[in-house]
Amino acid sequence: MLKFYFNGSPNPTKVALFLEEAGLAYEPIPVDTRTGAQFNQEFLKVNPNGKVPAIDDDGAKVFDSNAILLYLAEKTGKFLPPAAQRGELLSWLMFVATGVGPFFGQAVHFKHFAPEKIDYAHNRYQFEARRHLGVLDERLAGRQYMVGDTYTIVDMDVWGWVRMTNFILGDEAFAQFPNVKRLHDEISARPAAAKAVALKDTFKFKAEMDDEARAAMFKHLATKVA
């Protein structure tokens, strides 16, 4: 059975959405990143980079959420657009992987978790988070889904991150991106999305962002760069 290593953050949640949508049997294996479980040697054999999500599909180890989405979609033949739109599919998957995810992640860090408040960093990543949402919103103007006429892994990919919009940009920020919000709301109403979001609640994860959690998640704080 496919083993799914996860926590409740955006990237694992969108993979959980695919697994639920596709009706795939899987064993959920929680990885509590606030206790440093991502650096256990057994997990590092699955993802040497020590991040979730990752899967072990009967010996085929795949990590990085977008790689997992593409791997599972191609394996099952589900949630892919017509072959003629493969270029668009790859382009938007990489847009999320190299743009939305990193900039949203840094925006969260510098707004909520950085030990020092650095205006330049905060303003840069807030700006880039908004800019990327604007690109998505423009793409969705006049179309229901990101690629083609059907629901695909790109929509799941986008949903995983845009759920965090208000947490990143502040209350009511989502209202500024009506097309993105429409897609988010449509996907969130799907039964598979509710199951994906609720998966984390079946396990106990550390909730406190205390010294132990900061030491596990932000190792650069204890590392001096020469």
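**View 1. Glycine 148 sits in the loop between H5 and helix H6 (153–162).** This is a predicted model: local features need pLDDT of at least 70, side-chain atom pairs count only at pLDDT 80 or more, and totals for chains, interfaces and linings use all residues. Residues are numbered from 1 along each chain as its sequence is written, and side-chain values use heavy atoms, with hydrogens and water left out. Helices (H or I, at least four residues) and strands (E, at least two) are DSSP runs, numbered from the N terminus. Glycine 148 has a relative accessible area of 11%, so it is buried. Buried means under 20% relative accessible area, exposed over 50%, and partly exposed in between (1.4 Å probe, protein chains only). Setting aside residues up to four places away in sequence, glycine 148 touches Gln85 and Arg143. Contact here means heavy atoms within 4.5 Å. Glutamate 88 is 60 residues from glycine 148 along the chain, yet their C-alpha atoms are separated by 8.9 Å.

**View 2. Aspartate 137 belongs to helix H5 (residues 119–140).** Its relative accessibility is 12%, so aspartate 137 counts as buried. Beyond its neighbours within four places in sequence, aspartate 137 is in contact with Phe177, Pro178, Asn179 and Val180. Glutamate 116 is 21 residues from aspartate 137 in sequence and 32 Å away in space, C-alpha to C-alpha.

**View 3. Aromatic rings pair up, with 13 aromatic pairs in the whole structure.** Rings of Phe, Tyr and Trp (its six-membered ring) pair if their centres lie within 6.5 Å; planes under 30 degrees apart count as stacked, over 60 as edge-to-face and the rest as tilted. The rings of tyrosine 5 and phenylalanine 43 have centres 5.5 Å apart and planes at 55 degrees, so this pair is tilted. Tyrosine 5 lies in strand S1 (residues 2–6) and phenylalanine 43 in helix H2 (residues 41–44), so the pair ties together parts 38 residues apart in sequence. Tyrosine 5 and phenylalanine 43 are both buried.

**View 4. Phenylalanine 18 and phenylalanine 79 form an edge-to-face pair.** Their rings are 5.6 Å apart, centre to centre, with 75 degrees between the planes. Phenylalanine 18 lies in helix H1 (residues 10–22), and phenylalanine 79 in the loop between helix H3 (65–76) and helix H4 (86–113), so the pair ties together parts 61 residues apart in sequence. Both phenylalanine 18 and phenylalanine 79 are buried.

**View 5. Ring pairs join Phe4, Phe6, Tyr26, Phe203 and Phe205 into a cluster.** Elsewhere, charges meet rings. The charged end of arginine 124 sits over the ring of tyrosine 125, 5.6 Å from its centre. The charged end of arginine 163 sits over the ring of tryptophan 159, 5.1 Å from its centre. A charge sits over a ring if NZ of Lys or CZ of Arg is within 6 Å of the ring centre and within 35 degrees of the ring normal.

**View 6. Threonine 13 is part of helix H1.** Its relative accessible area is 4%, so threonine 13 is buried. Not counting residues up to four places away in sequence, threonine 13 touches Gly8, Trp159, Arg163, Ala196 and Val197.
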